[in-house]
Amino acid sequence: MNTNRMMSTTKHLPNTFWGSAAGALAAFALAATPATATQVQTKVFSTTEMAYAADVSNSDLLNGLTAIFGTAIGWMPNGGASLAQLNDGIHGRNYAVAGIVEGANGAVGAAAEYHLGLGASNLGYDLTSIQSIAAWGSAGRGNQAYTVEVKLKGAASYTPLATVDYEPLTLGVPADPGATKVTLTDHSGVLASGVEYIRFTVNMVNGGAYDGTFIMREIDVFGGPTGGASAPYGTWASTHGLNGTAGDGSGTDPAFNADPNKDGVRNGLVWLIGGTTGNPLANNSSILPVPAADGGKLVLSFQCLKSSARGTANLYVQYSKDLGVGDVWHGVSVPDSDQADGGSGVGFVVMPITGSDYNNVTATIAAPVSGGKLFGRLMATE
Ligand SMILES: [Ca+2]
Ligand SMILES: [Ca+2]
Ligand SMILES: [Ca+2]
């Protein structure tokens, strides 16, 4: 976990002030915290009932779990429908073919709660995406509306995660048959961290017509143990087109310190300071802080992912009088709120960006006592 890697560009300022960006490795403990979301709901529909049959997963976190007895209420048994089909890994056939309902049909208000457990690190689970597929041959029952909540390890109660309401299918022939698929993700890579329990509650569709219900074919919950292999960076990388093998040197190399698009900004730094629109395959030279001189001090302004969303990664502001030759790099981890210099050499002003996992950060590096040069850089670690 500890190799240094220089990252990115060097800026030469007037008055012998320099700034640069760099990367290295370190360790950082992951806390079990609720997600502060930059949540994304991706919604698609089709007027073909079986449109998303191939998208159902049989290897997600929810697959095959049994809803907690006594909390699974309001699920209708009509025509063979059952709650178990919500997470059995099977889409189910067209009713006209099967002759029975192969899906879950919840009355409005029906709920199902599942115990995911605490995972390999005993910290719960990081949820990276949730996919829900509803489909039916008539009566707008391919629409979907529900609320999903999570209960974190050690928490006494549930926290709302998302409310889905997607009703593109209109009642009546020919647009009535069809399917909808909603995928919940978060730009940070993680919807919620430290999750032990998850609960779904059915909401009304079609203004209440036809019981106001729909046929949910499957809900898939993806993720991995908190603190485990699927750390937030990895999931961000995989959802942003970095689908190669780490270290393969390809144009989609997902390694934290790789620079597959050769713009001089390594993947991990794009994730940490690229903000909500960060894209590792775009030219990211504009996300690097432009160093400014302020009365002998060096000022770096940039966005930074909050510490609770960094997983095992971290970002440091570092400084040296001679690029570390005789004066070793001194570094301070970027905090989530204002932090005075206090002798560390770096003071921070931090402004949260509403509705996102990123903060606006201004770091001011103190002028060297003896004058001369001052170099600053950002060090991304994983
Ligand atoms: Ca199913
Ligand atoms: Ca499944
Ligand atoms: Ca790059």
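## Strand pairing, core and loops in a predicted chain

Strand 16 and strand 17, the latter spanning residues 358–365, are paired in the antiparallel sense over seven bridges. Within this pairing, methionine 351 has asparagine 360 of strand 17 as its bridge partner. The two strands belong to an open sheet of four strands, whose order is 12-13-17-16 and whose pairing is antiparallel. Strand 12 (292–294) and strand 16 form the edges of this sheet, each pairing on one side only. From one strand to the next, the twist averages 30 degrees.

The model described here is predicted. Its mean pLDDT is 85, and 88% of the residues reach 70 or more. Residues 1–37 stay under 50 in pLDDT, although the model has 110 contacts beyond four places in sequence for them. Where pLDDT is low, the predicted coordinates should not be read in detail.

**Overall composition.** The chain contains three helices and 18 strands. Of its 382 residues, 48% are buried. Among contacts in the chain with a separation of 6 or more, 70% are accounted for by residues 24 or more positions apart.

**The nonpolar core.** The largest nonpolar core comprises 89 residues, and Leu272 and Cys304 have the most contacts inside it. Strand 6, residues 125–136, gives the most to this core, with seven residues. Because domain 1 (1–30 + 231–382) and domain 2 (39–225) both give residues to the core, it lies between them. Leucine 272 touches Cys304, Leu305, Ala313, Leu315 and Ala380, residues up to four places away in sequence not being counted.

**A hairpin.** Strand 7 (residues 144–152) pairs with strand 8 (residues 159–166) in the antiparallel sense over seven bridges. The bridge partner of threonine 147 in strand 8 is threonine 163. These two strands form a hairpin with six residues between them, and glycine 154 in the turn has a positive phi of about 80 degrees.

**Loop residues.** Glycine 343 is located in the loop between strand 15 (330–333) and strand 16 (346–352). Glycine 343 counts as exposed because its 6 other C-beta atoms within 10 Å fall in the range of 12 or fewer.

Notes
Residues numbered from 1 in each chain as written. Chains lettered and ligands numbered in written order. Predicted model: local features only at pLDDT ≥ 70, side-chain atom pairs only at ≥ 80, totals over all residues. Core = buried A, V, L, I, M, F, W, Y, C linked by C-beta atoms within 7 Å. Buried ≥ 20, exposed ≤ 12 C-beta atoms within 10 Å, placed from the backbone. Domains from an automatic or database assignment. Contact = placed C-beta atoms within 7 Å. Pairing = 2+ DSSP bridges. Axes fitted to C-alpha atoms, helices over the stretch in contact; angles between N-to-C directions. pLDDT = per-residue confidence, 0-100.
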